[in-house]
Structure formats: C-alpha cells, structure tokens
Amino acid sequence: MSTASDQRTIAILNGPNLNLLGTRQPEIYGSESLDDIDRMCRKHAESLGFSTRFQQTNSEGELVSMVQDARACSAVLINAAGYTHTSVALLDALLTVEAPVIEVHLSSPHTRESFRHKSVIAPACNGVIAGFGSLSYRLGLDAAVALVDANGVNA
Ligand code: CA2
C-alpha cells in the first residue's frame, strides 16, 4: 500500500547471501558489511534529500514482495545477487514498477563466470552500475535521484 512516507524514499533491495558481506570473499565483494552499506546509503541519500528503505532477503518470493511494496517509492535500487541471473518472477515484479529502477552489483559480473553475464532483470531496469564495490550503491543513488528529478515523479 502506498503511503505519504514512501515519497522521496528510495528502496534499496538486496538478494541472497549479501547478509554475509564482510565475512567471506572480501577480494570479490569488499570488506564492508551490509550494515556498513546501509549506513553509507542512508547518509548519502539524506544529503540528496531522500530517505532509504534498505532490505535484504535470501528468499526469491520475499524479494518479489519487497519489489511490490517498493512500487510507491520514488526509485528502486536492486542488487538481486544470484537471482539476477535466474529469476523471471523478479523480472515480472520489476516490470510493474513505474519509478526508476537501477540494478547494482558490487563486483563486475561481466568479467566473471559466463553464467553471470546474463541479467534476466536488466530489461526492467533503467541501467546497471557494477564493479565499484560499495561505491556502486552510492553511484546508483546518484543515478536514481537524477532520474527522479528529471521525471518530476515523486519529487
Ligand atoms: O557483485 C554482486 O553484487 C553480485 O550481485 C553478488 C552475487 C552474485 O551472484 C552476482 O553475480 C553479483 C553474490 C552475492 C554473494 O554475496 C556474498 C557475500 C559474502 C560472502 C559470500 C557471498
């Protein structure tokens, strides 16, 4: 359900295993925890005049529900993690979002295994920012805010 508080809110949705950030594979995903990224995003969004709704789930169905709940937000940033490469259900949910949608990744999937080269959700996204570690989220917020301002939607 849409509420007044969803306006000027950017939903930042995180998929499976991202709760493990900072504990394993720092050479690929960096040493920051997801809480660190949450804090950085909140601070940066606030400096741009937006609040954030930062969520993580390991469940595909729950991620679909989070996308549905984010439809009243000003924009959506999504790191769908492994579901990026597999989930038609997530694509279908994202296709119902009228606000700007930015796909973000910490690593650069195109320079990794071939099964990571295809993003099933990309057709529902305005663009993709990948390979900059946690900076991808910050750049994603900048892109989202630029699109919101340009569209005059939920401004
Ligand atoms: O680079 C990204 O942000 C990814 O979305 C991360 C996903 C991967 O499947 C995508 O291809 C690219 C994997 C997230 C796993 O996160 C972990 C974090 C710490 C330790 C182990 C896994």
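**Pocket, loop, helix and cores**

Guide: The largest pocket has a volume of about 360 Å³. Keep in mind that this is a predicted model.

Visitor: Which residues are closest to the centre of the largest pocket?

Guide: They are Pro16, Asn17, Leu18, Tyr29 and Ala81, out of 19 lining residues.

Visitor: What makes a residue part of the lining, and what classes does the lining of the largest pocket have?

Guide: A lining residue has an atom within 4 Å of a pocket point. By class, eight are nonpolar, eight are polar and three are charged.

Visitor: Why is Asn17 called exposed?

Guide: Its relative accessible area is 52%. Exposed means over 50%, so Asn17 counts as exposed.

Visitor: Where does Asn17 lie?

Guide: Asn17 is in the loop between β1 and α1 (26-29). Its phi is positive, near 75°, and it is not a glycine. Most residues other than glycine have a negative phi.

Visitor: Gln25 lies in the loop between β1 and α1. Why is Gln25 called partly exposed?

Guide: Its relative accessibility is 40%. Buried is under 20% and exposed is over 50%. The value for Gln25 falls in between, so the label is partly exposed. Gln25 also has a positive phi, about 50°, without being a glycine.

Visitor: How do you know that the span of helix α5 agrees with its number of residues?

Guide: α5 covers residues 135-151, which is 17 residues. The rule takes 1.5 Å times one less than that number. Gly152 follows α5, with a positive phi near 65°.

Visitor: Which residues of α5 are buried, and what covers them?

Guide: The buried ones are Ser136, Tyr137, Gly140, Leu141, Ala144, Val145 and Val148. Their cover includes β1, α2 (34-47), β2 (51-56), β3, β4 (101-105) and β5 (127-130).

Visitor: What makes a set of residues a nonpolar core?

Guide: Its members are buried, of nonpolar types such as Val and Leu, and joined through side-chain atoms within 4.5 Å. The largest such core has 23 residues. Leu13, Val67, Val76, Ile78, Leu90 and Leu94 have the most contacts inside it. β1 (9-14), α3 (60-69), β3 (75-79) and α4 (88-94) each give two or more residues to this core. A second, separate core has 22 residues, including Leu18, Leu21, Phe54 and Ala144.

Visitor: Which residues is Val76 in contact with, leaving aside its neighbours within four places in sequence?

Guide: They are Ala11, Leu13, Ala70, Val97, Pro100, Val101 and Ile102.

Methods:
Residues numbered from 1 in each chain as written. Predicted model: local features only at pLDDT ≥ 70, side-chain atom pairs only at ≥ 80, totals over all residues. Heavy atoms only, no water. Buried < 20%, exposed > 50% of the residue type's maximum accessible area, 1.4 Å probe, protein only. Helix = DSSP H or I, 4+ residues; strand = E, 2+ residues; numbered from the N terminus. Contact = heavy atoms within 4.5 Å. 1 Å grid on protein atoms, 1.4 Å probe; cavity = no way out; pocket = protein on both sides within 12 Å on 5 of 7 lines; lining within 4 Å. Points joined across faces, edges and corners; volume = space filled by probe spheres on them. Nonpolar A, V, L, I, M, F, W, Y, C, P; charged D, E, K, R; others polar.
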